[in-house]
Structures are given as structure tokens and as C-alpha cells.
Amino acid sequence: MNLPITLQVNGVTHQLSIDTRTTLLDALREHLGLTGPKKGCDHGQCGACTVLLDGKRVNSCLTLAVAYQDAEVVTIEGLADDERLHPLQQAFIEHDAFQCGYCTPGQICSAVGMLNEAEAGWPSVVTTDLTADHIDLNDDEIRERMSGNLCRCAAYANIVPAIREVAESQSIPQETRR
Ligand code: FES
Ligand code: FES
């Protein structure tokens with residue numbers, strides 16, 4: 001059975017008529033032609049399909065599109081500000097944080113969501129001080145919080161520093177940022 005649905009994707013309103021069983025990943029890839037979100041496992045195991053849904057990171061392969069009428073979706077295609085890359089995109093390039101690149105859109109979207117979660121004070125299983133005002137995103141925190149995103153090329157040694165660099169730049173007080 002098809003249902004009409006409206007999604008805001010990367011700032012553009014789309015009206016679709018889709019089968020109720022269509023995942024958000026298939027809606028993005030097959031109906032809207034956005035191939036940034038990747039289909040790795042299609043079972044919630046690899047994170048390659050990660051997008052931001054109403055500001056939170058989700059595995060789009062596990063998300064039924066019809067459940068998110070009028071939701072705001074941001075994919076890797078929507079992160080850059082015109083010609084200016086998102087800081088995480090830039091950091092991944094500068095740190096050579098990928099090989100084949102298949103996992104990269106999911107890694108970057110997940111990292112965007114992860115930084116927001118840390119900023120909001122959400123602890124992880126390795127957070128030692130649950131009362132701290134500020135979560136120090138050290139390598140252990142980054143590895144734990146990004147553990148849902150697998151990289152078959154094992155570029156982790158460069159992915160972690162790329163994310164840490166952006167995390168550190170965001171933790172600098174606003175008035176001292178350049
Ligand atoms: S494709 Fe969604 S988690 Fe692997
Ligand atoms: S860069 Fe190839 S899977 Fe991550």
C-alpha cells in the first residue's frame with residue numbers, strides 16, 4: 001500500500017508516494033536519487049546509511065519513511081555550506097580518514113550527531129564523570145561513540161584524529177574561536 005509523505009531533505013521539500021514498507025534509506029536513494037547514504041548491511045549493523053533525522057543520527061535502513069511525516073533529514077549531500085565543506089568533511093580529507101570511502105558519508109553524519117550528543121551532555125558507557133559540565137571527547141570516548149560505524153578498510157587510525165580535531169575546535173570558547 002502506498003501512502004503520501006512529505007520530507008524536508010537537505011532543506012528541500014519533497015512529496016512522495018511510497019510503499020509503507022519503504023525504509024528511509026530506500027526513499028532517499030531510490031526515490032530521491034541521493035546516493036550519499038550507503039547501503040552496507042541493510043540490517044542496522046554497519047552505520048553506512050547514517051543520516052540526521054530531526055537532528056539526531058539514525059540508521060536509515062532501520063527507519064520506515066512513512067513514520068516521519070514532515071521530518072527534516074540531512075544527508076552527507078546537505079552538510080556543506082555551498083562551496084564550504086563541513087568542518088568534519090574537511091578534517092576527514094586532511095587526515096586521510098578513508099580509503100574506499102564507502103563508509104565515509106555515514107561516518108561523517110554520525111560524527112555530526114555524536115558531537116551534538118556530547119555537547120548536550122549525553123554520557124557514553126566510557127564516560128567517567130557523569131556530573132562534569134563538559135564531556136572530554138578523548139579517543140576512548142570517540143571510539144565508543146562511533147562504534148556503530150564500521151570501516152572495512154580500517155581507517156580508524158585516521159578517523160579518530162579527524163573527529164577529535166573538530167571536537168577540540170568546538171570546545172574552544174566561542175569568543176576565542178577564529
Ligand atoms: S546499511 Fe544501515 S546499518 Fe548497515
Ligand atoms: S573507507 Fe572503506 S569502508 Fe571505510
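T13 touches T6, L7 and Q8, leaving out residues up to four places away in sequence, where contact means heavy atoms within 4.5 Å. This is a predicted model, in which local features need pLDDT of at least 70, side-chain atom pairs count only at pLDDT 80 or more, and totals for chains, interfaces and linings use all residues. Residues are numbered from 1 along each chain as its sequence is written, chains are lettered from A and ligands numbered from 1 in the order in which they are written, and side-chain values use heavy atoms, with hydrogens and water left out.

**T13 and its strand**

T13 is placed in strand β2, residues 12-19. Helices (H or I, at least four residues) and strands (E, at least two) are DSSP runs, numbered from the N terminus. T13 counts as partly exposed, at 45% relative accessibility. Buried means under 20% relative accessible area, exposed means over 50%, and partly exposed lies in between, with a 1.4 Å probe and protein chains only. T13 and T63 are 50 residues apart along the chain, and their C-alpha atoms are separated by 19 Å.

**Helix α2 against helix α5**

Two packed helices are described by the angle between their axes and the distance between the axes. Helix α2 (residues 87-94) and helix α5 (residues 156-170) have axes that come within 9 Å and cross at roughly 140°. Axes are lines fitted to C-alpha atoms, for helices over the stretch in contact, and angles run from 0 to 180 degrees between N-to-C directions.

The crossing of α2 past α5 is right-handed. A crossing is left-handed if the near helix is turned anticlockwise from the far one by less than a right angle, and right-handed if clockwise. On the α2 side the contact is made by P87, L88, A91, F92 and E94, and on the α5 side by I159, A162, I163, E165 and V166. These contact residues of α2 and α5 comprise eight nonpolar, no polar and two charged. Here Ala, Val, Leu, Ile, Met, Phe, Trp, Tyr, Cys and Pro count as nonpolar, Asp, Glu, Lys and Arg as charged, and the others, Gly among them, as polar.

Which residues of α2 are buried? They are L88, Q89, A91 and F92. These residues lie on the same side of α2, because they cover an arc of only 165° around the axis. The arc is that of the directions from the helix axis to the C-beta atoms. The buried residues of α2 pack against α3 (104-119) and α5.

**Helix α3 against helix α5**

Helix α3 also packs with α5, at an angle of about 35° and with the axes 11 Å apart. α3 passes α5 in a right-handed crossing. From α3, Q107, A111, M114 and L115 meet I159, I163, V166, A167 and Q170 of α5. The α3 and α5 contact has seven nonpolar, two polar and no charged residues.

Q107 is a residue of α3 and is buried, with a relative accessible area of 1%. Not counting residues up to four places away in sequence, Q107 touches F92, M146, N149, L150, C151 and I159.

**Other single residues**

E141 sits in helix α4, residues 139-145. Apart from neighbours within four places in sequence, E141 is in contact with S124, V126, T127, I135 and D136. N158 belongs to α5 and touches H95, D96 and A97, again not counting residues up to four places away in sequence. N158 and K38 are 120 residues apart in sequence and 20 Å apart in space, C-alpha to C-alpha.

| Residue | Relative accessible area | Class |
|---|---|---|
| E141 | 3% | buried |
| N158 | 30% | partly exposed |
| D42 | 31% | partly exposed |

**Positive phi values**

Most residues other than glycine have a negative phi, and most peptide bonds are trans. D42, found in the loop between α1 (24-31) and β3 (50-53), has a positive phi near 65°. D96 has a positive phi near 55° and is found in the loop between α2 and α3. D96 follows α2, and is one of the residues touched by N158.
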